[in-house]
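Dear colleague,

Please find below the structure that I am handing over to you.

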Amino acid sequence: MLELANINHLALIGGLMQQMCIYLVIAYLLSKTPLFAPLMQVTVRLPDKLVCYFVFSCFCIMGTYLGYQIEGAIANTRAIGAVLGGILGGPFVGFAVGLTGGMHRHSLGGFTDLACAISTTTEGVIGGCLHFYLLRRHRADRLLNPMTAFGATFFAETMQMVIILLMAKPFDQATRLVAHIALPMILTNSLGAALFMRLILDRRETMEKYSIAFSAKALRIAERSVGVLMQGFNEHNCTRMASIIQEETGVGAVAITDCEKLLGFVGVGADHHLTGTPISSPHTFYAIANNEVVYADGANISYTCSVSKDCKLGSCLVIPLSGEGNRVFGTIKLYEPKRKFFSTLNRTLGEGIARLLSNQVLAGTIEEQKQLLAQSEIKLLQAQINPHFLFNALNTLAAVIRRDPEAARQLVQYLSTFFRKSLKRVGNDATLKDEIEHVDAYLRIELARFAGRLDVEMAVADDLLHLRLPAFSLQPIVENAIKYGISQMLEPGKITISAQRQDEVLTIVVEDSAGLYKPLPDSDGLGMNLVDRRIKIRYGTAFGIDVTCQPEYWTRVAIRLPVEEELVPC
């Protein structure tokens, strides 16, 4: 037992500094264990809060045991645990740590036992209030600042001295005690809290340095993944790509999605994140809708698995994949388990991987578009200038010439218009007006051939005619409706062509009155399948062709496209 008369400020500061060194050595050893992981970031999850409470409560109690006894009081470093528990864990953790440390101090007795119990609880609450204040102001980065820890502990220890003066009896003894311990305890605890926080930051920086090796892995990922997604943005290729990324980065899990469903998932949580299932994460929807990276670290942006409440994943980085015209066609998502730190470099690496994947898909899309365009040109020429169509057109013309030479002359003009628009179409785009004129020329010939057994209705508003769409999108649909629908009917049939715009989506509908549609999965891609593929490649899977049929009544083919205005030359 050291008497007040036998101890001066310098000696007490030296003794407390020795205690603080022991304290920090223990903290350093703890930093090598998994228990330290939740302390390296702002703690918001309940399991991490429990770890934070346990660790800093132990430090609180240890600070008391390592303290110097002075006439029934204890000069100690207990405040470090209480204040840091509040700063890192929040108000409830700070209160719980302070209360635990305070109750332990109260159990040791002495004339300051109650005052110390209340002041220690207050110190935890002060740290927790600072945590709450900075998070509300979106300044979570300040919580891990050593100067923040120093200032908060300095204020908290000052408040402890005030509480001792107000509550400890007799007052003269309390005054004499505070005069001797105030300066040493305030300085030692404040410095210890700052050093402890510095230790946390050093540990984080060490992990960041270890992550530098990941930059070299980016090259390996690029090397291993060359051409994978160029073969197609589908479940098989996306799963292969996710495996490569997860193996090279070591993150907890990797997912790749399009704008509607999960295409590939590898890593922690693969048992319930199943490929082919619809997207359910709000972070993914936000990244797709806004073309923005979303980092849900669980602190500034909360993260909860949208599939399973028992999922072990605790943070997620969602990066949109952009293609032609900066349109988002999917996302890549990197995950880390709840107890693993998501390094800044991993985030940067993830964005680089996203650009790599986007470029691969874009390159594959361009190549496929080239192949489809060449295929389209050949197929359309074969389909539209095939001997069967020409034979029917000439037979129709021969029959009309006998009875109505003027009508025959008009048919020749329509046939000329049809072939001219088929063969001399410039570029890959056309206006809706061009497509309607092309279809109209085709239908005029078919109307003459069917001789009263075909009725055509057009319902396309003039203000839609300037909108752009891929060339040859409409004529193959109308041709299918006649070839596989109207021509198979004994009674007269009807073709209705309509278009409407809803927000930024243009829908063109071709309806026949036959109702004879039967899906052909092994189709050669000439008609609807070819048009559908071209639209999906260009605009994404949200667009394309939808077919509905009421047998023997009608077949309705809807072409959905994003609204694109006609480019007007300057």
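Which residues in α2 meet which residues in α3? Lys 49, Cys 52, Phe 56, Phe 59, Cys 60, Gly 63 and Thr 64 in α2 meet Arg 78, Gly 81, Ala 82, Leu 84, Gly 85, Leu 88 and Gly 89 in α3, where contact means heavy atoms within 4.5 Å. By class, the residues of this contact are seven nonpolar, five polar and two charged.

This is a predicted model, in which local features need pLDDT of at least 70 and side-chain atom pairs count only at pLDDT 80 or more, while totals for chains, interfaces and linings use all residues. Residues are numbered from 1 along each chain as its sequence is written, and side-chain values use heavy atoms, with hydrogens and water left out.

The protein has 16 helices and 14 strands (DSSP runs of H or I, at least four residues, and of E, at least two, numbered from the N terminus). Of its 570 residues, 50% count as buried, that is, under 20% relative accessible area with a 1.4 Å probe, protein chains only.

Helix α2 (residues 46–65) packs against α3 (residues 78–89) at an angle of about 165°, with the axes 6 Å apart. The two are therefore roughly antiparallel (over 145 degrees).

With helix α4 (residues 91–107), α2 makes an angle of about 30°, the axes being 9 Å apart. That makes α2 roughly parallel to α4 (under 35 degrees). Among the residues making this contact are Tyr 53 and Ile 61 of α2 and Val 97 and His 104 of α4.

Definitions and conventions:
Axes fitted to C-alpha atoms, helices over the stretch in contact; angles between N-to-C directions. Parallel < 35°, antiparallel > 145°, perpendicular 65-115°, else oblique. Nonpolar A, V, L, I, M, F, W, Y, C, P; charged D, E, K, R; others polar.
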